[in-house]
Amino acid sequence: MPPFNPIVAALPATVPFVGPETQERARGRSFLARLGANESVFGPAPAVRAAVARAADEAWAYGDPEAFELRNALSALTGAAPERITVGSGIDGLLGVAARLFAGHGDAVVTSLGGYPTFSYHVDGLGARRVSVPYRDDREDWEGLAAAARAERARIVYIANPDNPMGTVWPAQAICDLRAALPEDCMLFLDEAYLDFAPEGTAPEFPADDPGVIRFRTFSKAYGLAGLRVGYALSAPEIARGFDKLRNHFGVGRVAQAGALAALGAQDWLAEVVAQVARGRSRLALIAEENGLAAIPSATNFAAIDCGGDGEFARAVLREVVARDVFIRMPGVAPLDRCIRVSVGTEADLDLFADVLPQALAAAKAGRGRNAP
Ligand SMILES: Cc1ncc(COP(=O)(O)O)c(C=O)c1O
């Protein structure tokens, strides 16, 4: 076989995410509740389902490579001019293009240790030098990120606010302070995947023409369209033109664009989903409490539940929950890995989780007495 390029050849063998489908195939059994990927189990609005069905007739045609209508509708929603908006295949896709815009082989890029991993895959794939800053008190440490950016002369700092996997949030001022603390030639990538669920005062105001920030948003969470793969980036116009140089021009299909456009018109549904998610988060906190555990206060559509022991114990709890047909995940590094992470589900999903968690805890304690709390 001809050799991979040297950057790829040096990467460890890896699979970015082991999806629930992979796990179901391995188990030979379906999950009864899918609470591990922070999707919206409430799905898209009825009007969105209808728009997607209508668009299916036109699925033979490529989507508009400029996503003109969608960008105009996003402009109306966000107040950002259309030339500041780039539509892409989810935040994940956009992060890959954005990383290529600013970082190359050997450049320092700063992110959080144990934070949302997809950005890191892109950075590693470029052969950039990834610098990872540990969380502080279960939040991404914005001061630590800024200090690392200065010390390492980084090209990019990535932060998710609210974050995944802990669901914690900084108020807007902290993000403004982070932006102000970065060197002039360092970009801030602000991932706002969960912004719709966050309290008022989470979204910072940046000047429209600030060329130092890209914010990333998605239809995968509150809008309930993870399966369609649509997200967008807000940036200064010159950066949006940079995206145009590199992006996959037909990367967002016609059906996906139609679904996202209809979703923007269904703001009542969004409000209802956000309210249901808030109720679901409270229920998750209650379930944790009933089991003598604590959920980390969350500004997202999931909760990290502190299992009260070490990572080995939480991993055992996770295994036992999964063995009882509830798909959940957990953070990958200490000390965050003392938690399991559970997405908000339907009432029935959460009833099942409430049944399963005490059994899983008992089994984990029985099996791993030494590490149990
Ligand atoms: C912080 C964060 N960013 C981005 C994504 C993925 O977004 P998208 O589906 O738009 O690629 C996720 C999904 O879990 C996430 O947690």
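Across the domain boundary, 27 residues of domain 1 are in contact with 28 residues of domain 2, contact meaning C-beta atoms, placed from the backbone, within 7 Å. On the domain 1 side, helix H11 (267–290) and strand E10 (302–306) are the elements that give two or more residues; helices here are DSSP runs (H or I) of at least four residues and strands (E) of at least two, numbered from the N terminus. H11 gives the most, with 6 residues. By class, this side has 17 nonpolar, 7 polar and 3 charged residues, where Ala, Val, Leu, Ile, Met, Phe, Trp, Tyr, Cys and Pro count as nonpolar, Asp, Glu, Lys and Arg as charged, and the others, Gly among them, as polar.

The model is predicted, with local features needing pLDDT of at least 70, side-chain atom pairs counting only at pLDDT 80 or more, and totals for chains, interfaces and linings using all residues. Residues are numbered from 1 along each chain as its sequence is written. Domain 1 spans 6–43 + 268–371 and domain 2 spans 46–266, bounds that come from an automatic or database domain assignment. Their C-alpha centres lie 24 Å apart.

Turning to the ligand, 13 residues surround it, the closest being Gly90, Asp92, Asn164, Thr218 and Ser220; a residue is counted if its C-beta atom, placed from the backbone, lies within 6 Å. Helix H5 (residues 90–102) supplies the largest share of this shell, 3 residues. The shell divides into 5 nonpolar, 6 polar and 2 charged residues.

Notes. Contact = placed C-beta atoms within 7 Å.
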